[in-house]
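Here are a few notes to read alongside the model. Take the points in order, and keep the 3D view open as you go.

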Amino acid sequence: MPEKTEIRQEYLDKLADLIKIPSVSAKKTGLKEASQLISGYFQQLKADQVAIDDEFEFPLVIAKFKAAKAGAKTILIYNHYDVQPAEPFNLWHSDPWTLTQRDDKLFGRGVDDDKGNLLARLTALAEYLDAHDHQLPVNIDFVVEGSEETASRGLSDYLIKHTAELQNDLVIWESGGYNSKDQQEINGGTKGIVTFDLVAKTADRDLHSSLAPVIDSAAWQLLEAINSLRNPDGTIAVKGVYDTVRPASTREQDLVEKYSTIDQHLLVNDFKLTAPLLNSSTREELLKALYFSPALNIEGISSGYEEAGVKTVLPAQAVAKLEIRLVPDQDPHDIFDKVAAHLKEKGFTNVKAVYTLGEKPYRSDLSADEIQRVIAITKHIYGDDISLLPTSPGTGPAAYFYDNFKSPIAAVGIGYAASADHAPDENVRLKDYDDHIEFIKELISSYE
């Protein structure tokens, strides 16, 4: 592990200050404070330009560091300062809003997702500038948003607004890290998503449950509507959902087959599963479903009496939150419209679909020249045994960046398989944090 320089300690202290701010986008708390603190960090680094744009509710921080030579290439580094809620607090072994070191690990909400990644990159930039008389061989732009954990609301508008000034040759994604085989993983994209509520209403108030033989409840209506959306094998039963799905290329399939650490036994054992796996009779089928196919999920259902004891009612209203993970070239609004049309066609007139959030998907086969630069540096820092994946099974705003800049995207970061993102005791290993600092410095140096 590199010796802890004064700069490195200074930026660990800055990370601690940032983690103190509960910048939870779902609750809209701490966002202004976090964006202002990060803006101050950029100003202290003497960025050529620093701005906070708050036109679209969730403030966006932009910072630009210009190269010493004309015609230099540009790296755009994307991060986010918002985090997931820290509840349940009782499952944390230290205060989630206090950066805590235990057993060569750092703990705190956002230490991996995503404040730690941002501060590791700022540390690398600070150390490089300090060692090179504040001269850069490459332009470095930062885009730090405040709504990544809530479908990056407003980010598309921000990027369209700032497209001309943020043109770049490479996007370094907000996070990444080691997989379950302890290989550093380079990821080239994300699935998209559309989320929506289904609301069933069958009467103006809850009724006595003795009427159940002759009156259908909102709960039954909702369950039947939800059940109509999915086939027994887990595929989506909505007409037209698969019409625009882009097949995976041979290279994309080969990358997933070679580098994905996921198989049937890992899923069952790691999560202690008792429910059957879907689309998983072979590993090839499982990987196709996970990386290259859309999927429907029920996030939650609520209806009737849900407190302790018994209340014999026939619910007049039932609500469910659902999501469909999307793959290229599916569009969130188009898929939602197909769901609404399906419900109407099946006669669920008492069930209303309400669009909530959406993000488009993007994936890459990782063959671009700038990605090859990243791969070479990753091997030098982390060793030859790395993993290359064209997409993540998770969701993020990668498509917004590609749509505006058409530049390759690489996710490399400080996390590892047990980082517990979004969960209690979120953590990173100090060695991984320091290694990422070295990775970013070498990436900058590669443009000299």
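1. The expected span of a helix is 1.5 Å times one less than its number of residues. Keep in mind that this is a predicted model. Now try the rule on helix H12, residues 430-445: its 16 residues should span 22 Å, and its end C-alpha atoms are 23 Å apart, which agrees.

2. Stay with H12 for a moment. How many of its 16 residues are buried? The count is 12, so H12 is largely enclosed by the rest of the structure. Among the buried residues you will find Leu430, Tyr433, Ile437, Phe439, Ile440, Leu443 and Ile444, but also Asp432, Asp434, Asp435, His436 and Lys441.

3. Next, look at helix H11, residues 398-405, which is mostly covered, with 6 of its 8 residues buried. Those residues are Ala398, Ala399, Tyr400, Phe401, Asn404 and Phe405. What covers them includes helix H4 (155-161) and several strands, among them S3 (74-80), S10 (190-201) and S15 (351-359).

4. Which residues touch the most other members of the largest nonpolar core? They are Phe42, Phe65 and Phe142, in a core of 75 residues. Helix H3 (residues 115-131) gives the most to this core, with 9 residues.

5. Leaving aside neighbours within four places in sequence, Phe142 is in contact with residues including Phe42, Val61, Phe65, Ile77, Leu118, Arg121 and Leu125.

Note on methods:
Residues are numbered from 1 along each chain as its sequence is written. This is a predicted model: local features need pLDDT of at least 70, side-chain atom pairs count only at pLDDT 80 or more; totals for chains, interfaces and linings use all residues. Side-chain values use heavy atoms; hydrogens and water are left out. Buried means under 20% relative accessible area, exposed over 50%, partly exposed in between (1.4 Å probe, protein chains only). Helices (H or I, at least four residues) and strands (E, at least two) are DSSP runs, numbered from the N terminus. Contact means heavy atoms within 4.5 Å. A nonpolar core is a set of buried Ala, Val, Leu, Ile, Met, Phe, Trp, Tyr and Cys residues joined through side-chain atoms within 4.5 Å.
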